[in-house]
Amino acid sequence: WDRKITQVKEKFGGLRFYTDNTTDGMDKIISKYEILSYETCEMCGEKGKLRTDLAWHSTLCDEHYEESKS
């Protein structure tokens, strides 16, 4: 790996990954996992979905969604 990672963050409930000098192949891989992040609970890694009715947009499974509402 000879790239510089400039940012990794969560934004609007999904993963954002930024690096310098990517190739088309790298861009496809990054895009794939950014999309998958909207289907993966950010607390436990199980199947989840984007929840927009909380104070902060989050991707959560049903269990963690219910805990977040309390």
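**A first tour**

Modeller: Happy to! Let's begin with tyrosine 38, which has a relative accessible area of 25% and therefore counts as partly exposed. Buried here means under 20% relative accessible area and exposed means over 50%, with partly exposed in between (1.4 Å probe, protein chains only).

Biologist: What kind of model is this, and how are residues numbered?

Modeller: This is a predicted model, in which local features need pLDDT of at least 70 and side-chain atom pairs count only at pLDDT 80 or more, while totals for chains, interfaces and linings use all residues. Residues are numbered from 1 along each chain as its sequence is written, and side-chain values use heavy atoms, leaving out hydrogens and water.

Biologist: Thanks! Where does tyrosine 38 sit?

Modeller: Tyrosine 38 is in the loop between α1 and β3. Helices (H or I, at least four residues) and strands (E, at least two) are DSSP runs, numbered from the N terminus. Tyrosine 38 and leucine 50 are 12 residues apart in sequence, and their C-alpha atoms are 5.8 Å apart in space.

Biologist: Let's switch to helix α1. What span should it have?

Modeller: Helix α1 covers residues 24-36, and at 1.5 Å a residue its 13 residues should span 18 Å. The expected span is 1.5 Å times one less than the number of residues. The end C-alpha atoms of α1 are 18 Å apart, so the two values agree.

Biologist: Which residues of α1 are buried?

Modeller: Met26, Ile30 and Glu34 are. They cover an arc of only 70° around the axis, so they lie on the same side of α1. The arc is that of the directions from the helix axis to the C-beta atoms.

Biologist: What does the face turned away from that side carry?

Modeller: That face of α1 carries the exposed residues Asp24, Lys28, Ile29 and Ile35.

Biologist: Now charges. How many salt bridges are there?

Modeller: The count comes to three salt bridges, taking a salt bridge as a side-chain nitrogen of Lys or Arg within 4 Å of a carboxyl oxygen of Asp or Glu. Side chains of opposite charge can pair when their charged atoms come close.

Biologist: Which residue does arginine 51 pair with?

Modeller: Arginine 51 meets aspartate 62, at 2.8 Å from N to O. This pair links distant parts of the chain, 11 residues apart: arginine 51 is in strand β3 (residues 49-51) and aspartate 62 in helix α2 (residues 62-69). Arginine 51 has a relative accessible area of 7%, so it is buried, whereas aspartate 62 is exposed because its value is 53%.

Biologist: And the others?

Modeller: One of them joins the side chains of aspartate 2 and arginine 3, at 2.3 Å from N to O. Aspartate 2 is exposed, at 64% relative accessible area, and arginine 3 is partly exposed, at 24%. Another brings together lysine 69 and glutamate 66, at 3.5 Å from N to O. Both of those lie in helix α2, three residues apart, which is about one turn of the helix.

Biologist: How many disulfides does a search of the whole structure find?

Modeller: The search finds zero, where a disulfide is a pair of cysteine sulfur atoms within 2.5 Å. Cysteine 41 is in no disulfide, and the nearest cysteine sulfur, that of cysteine 44, is 3.7 Å away. Cysteine 61 is in no disulfide either; the nearest cysteine sulfur to it is that of cysteine 41, 3.8 Å away. Cysteine 41 has a relative accessible area of 3%, so it is buried, and cysteine 61 counts as buried at 9%.

Biologist: One last topic: what is phi of phenylalanine 12 near?

Modeller: It is near 55°, a positive value in a residue other than glycine. Phenylalanine 12 lies in the loop between β1 and β2 (14-19), and at 52% relative accessibility it counts as exposed. Asparagine 21 also has a positive phi, about 55°, although it is not a glycine. Asparagine 21 is in the loop between β2 and α1, and its relative accessible area of 63% makes it exposed.
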